[in-house]
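Q: I would like a close look at a single part of this model, followed by its surroundings. Please give the criteria along with the values.

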Amino acid sequence: KIMKTEEDVESLAQKLLDAKLKEDSAKQERLKCELALIDICGQKAEGSLTVATENYRVETKAKIDRKIDQKAFDELMGEVGDDLKAMVMTAVVLKPSLRLTEYRELADQFPEARTELDRVVTSRQAKTQVTVKSTRGK
């Protein structure tokens with residue numbers, strides 16, 4: 001149902017702000033509980049640790065984010081021999097990503113290239129963001 005009156009917009013905007021406050025408060029409480037459980041149950045440097053009680057099974061799972069420095073990687077690949085390079089590449093995935101600005105420009109500047117590229121680009125509608133800011137007191 002689409003509501004178009006200013007009163008409806010005001011009411012829904014306030015409900016959204018109220019819901020976000022409740023959500024933020026709940027998130028803070030959840031994070032406090034998680035930190036307390038990690039403190040009590042412990043954690044590994046990386047991997048899972050499980051603690052069981054009569055009523056609950058608590059698992060802490062530590063992760064390490066790893067990223068490749070592209071410049072250093074390129075230098076490494078230029079320095080090592082083919083055998084070592086092949087072994088290194090078993091642990092590395094080089095995956096293409098889309099440069100959105102250039103992708104959009106292709107439609108105007110090189111439509112044929114854009115058409116060909118679109119054959120391998122998968123697109124889906126992302127969630128539309130809604131931002132509400134109070135103007136009271138301005």
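What is the relative accessible area of C33?

A: C33 has a relative accessible area of 41%, which makes this cysteine partly exposed. The terms are set by relative accessible area, found with a 1.4 Å probe on protein chains only: buried is under 20%, exposed is over 50%, and partly exposed lies in between. This is a predicted model, in which local features need pLDDT of at least 70 and side-chain atom pairs count only at pLDDT 80 or more, while totals for chains, interfaces and linings use all residues. Residues are numbered from 1 along each chain as its sequence is written, and side-chain values use heavy atoms, with hydrogens and water left out.

The cysteine sulfurs come next. The closest cysteine sulfur to that of C33 belongs to C41, and the 12 Å between them is too far for a bond. Seen from the other end, the sulfur of C41 likewise has C33 as its closest cysteine sulfur, at 12 Å. A disulfide is defined as a pair of cysteine sulfur atoms within 2.5 Å, and the count by this rule is zero. In contrast to partly exposed C33, C41 is buried, with a relative accessible area of 17%.

Helix α1 covers residues 6-41. Helices here are DSSP runs of H or I with at least four residues, strands are runs of E with at least two, and both are numbered from the N terminus. A salt bridge requires a side-chain nitrogen of Lys or Arg within 4 Å of a carboxyl oxygen of Asp or Glu. Side chains of opposite charge can pair when their charged atoms come close.

One of these bridges joins E34 to R30, with the closest N and O atoms 2.8 Å apart. The two residues are four positions apart in α1, about one turn of the helix. Both ends are partly exposed: E34 has a relative accessibility of 36%, and R30 one of 41%.

The other bridge joins E29 to K32, where the closest N and O atoms are 3.9 Å apart. Because E29 and K32 are three residues apart in α1, they are separated by about one helical turn. E29 is partly exposed at 41% relative accessibility, whereas K32 is exposed at 56%.

The search of the whole structure finds five salt bridges. Among them is the one between E46 and R66, with an N to O distance of 3.0 Å. This pair links distant parts of the chain, 20 residues apart: E46 is in the loop between α1 and β1 (47-52), and R66 is in the loop between β2 (57-62) and α2 (70-79). E46 is partly exposed, with a relative accessible area of 40%, while R66 is exposed at 59%.

The strands named here, β1 and β2, form a hairpin with four residues between them. They run antiparallel and are joined by six bridges; strands count as paired if DSSP finds at least two bridges between them. Within this pairing, L49 stands opposite T60 of β2, and T50 has E59 in β2 as its bridge partner.

R114 counts as buried, at 19% relative accessibility. R114 sits over the face of Y103, 3.9 Å from the ring centre. The rule for a charge over a ring is that NZ of Lys or CZ of Arg lies within 6 Å of the ring centre and within 35 degrees of the ring normal. The R114 side chain also reaches the backbone oxygen of Y103 at 3.1 Å. This is a polar contact, defined as a pair of N or O atoms within 3.5 Å; within protein, one must be able to donate a hydrogen and the other to accept it, and residues adjacent in sequence count only if both atoms are side-chain atoms.

V132 is partly exposed, with a relative accessible area of 22%. The C-alpha atoms of V132 and L12 are separated by 9.8 Å, although the two residues are 120 apart along the chain.
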